[in-house]
Protein chains: 2
Amino acid sequence: MASDIEIARAATKQPVTEIGARLGIPLEDLIPYGHDKAKIAAHYLSGLGAKPDGKLILVTAINPTPAGEGKTTTSVGLADAMNRIGANTLLCLREPSLGPCFGMKGGAAGGGHAQVVPMEDINLHFTGDFHAITSAHNLLAAMVDNHIHWGAASGLEASRVTWRRVLDMNDRNLRSVVTGLGGPANGATMESGFDITVASEIMAILCLATDAADLEQRLDRIIVGYRRDRTAVTCADIKATGALMALLKDAILPNLVQTLENNPCLIHGGPFANIAHGCNSVIATQTALKMADYVVTEAGFGADLGAEKFFDIKCRQAGLKPDAAVLVATVKALKMHGGLAKSELASVSYEALNDGLSNLGRHIENLQQYGLPVVVAINRFTSDTEGEIDAVEAYCAKVGVPVALCTHWAEGGRGAEALARIVTETLATKPAEFRTLYPDDMPLFDKIETVAKRIYRADHVEAPRAVRDQLARWEADGFGHLPVCIAKTQYSFSTDPARVGAPEGHTVRLREVRLSAGAGFIVAICGDIMTMPGLPRHPAAENIHLNDQGLIEGLF
Amino acid sequence: MASDIEIARAATKQPVTEIGARLGIPLEDLIPYGHDKAKIAAHYLSGLGAKPDGKLILVTAINPTPAGEGKTTTSVGLADAMNRIGANTLLCLREPSLGPCFGMKGGAAGGGHAQVVPMEDINLHFTGDFHAITSAHNLLAAMVDNHIHWGAASGLEASRVTWRRVLDMNDRNLRSVVTGLGGPANGATMESGFDITVASEIMAILCLATDAADLEQRLDRIIVGYRRDRTAVTCADIKATGALMALLKDAILPNLVQTLENNPCLIHGGPFANIAHGCNSVIATQTALKMADYVVTEAGFGADLGAEKFFDIKCRQAGLKPDAAVLVATVKALKMHGGLAKSELASVSYEALNDGLSNLGRHIENLQQYGLPVVVAINRFTSDTEGEIDAVEAYCAKVGVPVALCTHWAEGGRGAEALARIVTETLATKPAEFRTLYPDDMPLFDKIETVAKRIYRADHVEAPRAVRDQLARWEADGFGHLPVCIAKTQYSFSTDPARVGAPEGHTVRLREVRLSAGAGFIVAICGDIMTMPGLPRHPAAENIHLNDQGLIEGLF
């Protein structure tokens, strides 16, 4: 069987200028990066305002399991299928992170016959957006520490600096470091650390900004640390915003590539889905809505994390109104939610499958709370039996949600045509009445509780006194209107990754809250959240090399 | 008076595809980055082998002073002028570093009417080469520390790891750090630090590699640390080379841009001129020699450091045979070498000027030792008097070296036509007999002594016992054939930056030696060498911003 990269290389790509022309982008407004990648010029973006918006379709999934769900793959397959059946559709994906490619995972640009290309470039340096974010983040860090070195005129205290550094790398040794050793010429000695670039607040900011002016205001608001009196010192106070804008001026422009079937795809931004909101950029989504009748996009992790943040953070802040949600499930993953171990997945177990369907059902109910029609996509594995597929379809019929069996991984867009027909029909017949889960003016703790009870189905939210006090202080400081971004395990509705299926009545324990003042949300952390991954004992990097033709082998 | 960036923006750029077409590069072999930058595809480079080489002209300078010499500006002016007088000339420059743009200095893409464009892009992210080098360097660091975390099967000791990390940033706090704090899950606690990306050995390697195969072998040889028995552990032992190649596969390709006068320029690579050799890439220079009749290139700092390393490291390793050297001087800088302070430069002082000419004379003699004809370029400032210019010209006549007065900063290529005529005439009439300063088989200490005595004009080289022992060990280990790369102050022939003019009879004290096994040289460090700059009290970054048209202001 051909590997993802073999399939990707066998594709007949069209010049990106032709892909752009199909979207109506003039040649001079496409900034090429090679012949198969381009950025869309700011000039063109600013001229799109008057056009009507297309329909916005969110692809999300059940809670992830080691069996894999294929959310990106389904997004690609759906977009290709919709274009096949004559629905003018533009796909909007997140940019993958470079660092993890050298650890365990393969690429993040789809798979099989449902991929975006050039997949090696997209997974590595691409158009340099993440490098620009890394540079901007670290310039701010250098300016903060330099400000302290030269006397900290703002009153910022070295021991209260909260701004860390980032690298797009899996490097556990950088999680916790001490800098400024070796004497006063090397700056103040400070405890600090590095996160992976996707965890940078600047990544979240870039993805939530509606335009350059909004980006600038958000950067201004970044809190880099505190004075002795606990008042915040911001990026604006450090006078760094303009320089950061100079570094980000191209990174803010959406990137155009194509699917294996030569359909256009915007890939732009990729914030973490735990301490950030996990969606592609607002600018790309807004641009796509002006350029196509249908826009297919995705959100990180399962619907309890990704879709919730897509709706309550991204759509809320950007004023987006999604029209439908596609919920991806696989038979294998459902069986794992029913209690099977990964090693047992080859066996047919209707009992496990039926138990696991509770996870699917819970997500359906949750998505419906947002006023959206839901379509279930079964991403078929060749090992799935007819009986198992029937059981999933019967369940969907019972709960009154349309379902489509998809084989895009093996067959490309043709394999998702049934899904495409159901989606377009749903959009035509079931108008959405999108609503966020909570209003802006709800107290911060109540917002957390609302998500925990209505999405996670917890009975209680517990928080230490210090956390409640902190939330109250932020409300007093004018941050009470912000939405909340809950960081918890993606494997369960609860905060315990082992509790698969549809647990309820559990308790959510808040460990810590953080203010992302530039991104515009309060991060509520439940449990241990890793913001800098490590490499495994035998990292994928050990097997990567260039072949005789200079092509990358071993990466995917 | 228009600023550099105002002049650059007023330029009428040609599409980079047209610039490439003039060089005979087919459209499909140009990889565009926007409409004004491109990389040249590997396929095209590999097809150039059979063509005869053009003439290679090195632009170097007297020892730098705060008055400025204009080496890059003169390189641009000369290339433009040569093209104006009908000599088919290709310019080869180094890529500027992003980090320092936010500190004190302006851009490094020429100045006035002798610039390469797009200068903002060239000075910031450009085509991502430095970001790729940063990623490759830090991936190796992560893999080394990960190797230790998982038991160090190679025998590498945590306390003997020598491979640091890099960022393209001025960040003094990162010079000396401790990583791996916070418990065993965060790796082994280790002393380490960050250098600026231009100081990365991978930068030097990329610039010295003759092709992808050579790059791979050099990466393999990088020493990342030592075992308890002091044997070296290499990048190959860590199994990182292939992954580094994947990250560097585009960075190895030369970048094509243009001068303000629409002449082609390859900008590629930019290693430090102290702990590395300070020249653009061998691949770019070799490519240029195949594509043009004349190639103008430059080396870092003054001729004692930059030209020496260009000849004894780059030309030696790559088998390049330069044909002439252009030595840039300014009246102001010569007066500083004669003892004037920067505040006194407005005054006419023939005494200072005559004393300072000793610096010019010494560099002329040194360059002639390499068997090259030398031409002096006086980079004229408007404040220079006729009398001062006459004095410099008279000096050159006395020592029998042709000299040209240049006004390219104010007038572009037209202002360097006299220089261009002298250079082409010199090339036509004075064949070079290029030779390196010392043979490969000279003992390492003797190589250092040879450079110190014949170029720096020192009487003695002193080295601690440990340094001499180390050199002997490397000779025993098979590294004795390598050239030496001496890191000392660029402001003086001696190791004391205050000793301007042409000091002699001084003592060079070796503090430390390092082996750059991948780059293929021994670094000999005299005095304090800064490999991670800091930001000043008021960094340039504070004044940088995007204007209403989205253009960068305040950077240059």
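In chain A, the axes of helix α17 (residues 444–454) and helix α18 (residues 465–476) come within 9 Å and cross at roughly 120°, where axes are lines fitted to C-alpha atoms, for helices over the stretch in contact, and angles run from 0 to 180 degrees between N-to-C directions. Helices are DSSP runs of H or I with at least four residues, numbered from the N terminus. α17(A) and α18(A) are therefore oblique to each other, since angles under 35 degrees count as roughly parallel, over 145 as roughly antiparallel, 65 to 115 as roughly perpendicular and the rest as oblique.

This is a predicted model, in which local features need pLDDT of at least 70 and side-chain atom pairs count only at pLDDT 80 or more, while totals for chains, interfaces and linings use all residues. Residues are numbered from 1 along each chain as its sequence is written, chains are lettered from A in the order in which they are written, and side-chain values use heavy atoms, without hydrogens and water.

The residues that meet, with contact meaning heavy atoms within 4.5 Å, are as follows.

| Helix | Residues in contact |
|---|---|
| α17(A), residues 444–454 | Leu444(A), Phe445(A), Ile448(A) |
| α18(A), residues 465–476 | Arg468(A), Leu471(A), Trp474(A), Glu475(A) |

Between the chains, the contact takes 65 residues from chain B and 65 residues from chain A. Across this interface the rule finds four salt bridges, each a side-chain nitrogen of Lys or Arg within 4 Å of a carboxyl oxygen of Asp or Glu; the side chains of Asp171(A) and Arg165(B) meet in a salt bridge at 2.9 Å, N to O.

Note on methods: Helices (H or I, at least four residues) and strands (E, at least two) are DSSP runs, numbered from the N terminus.
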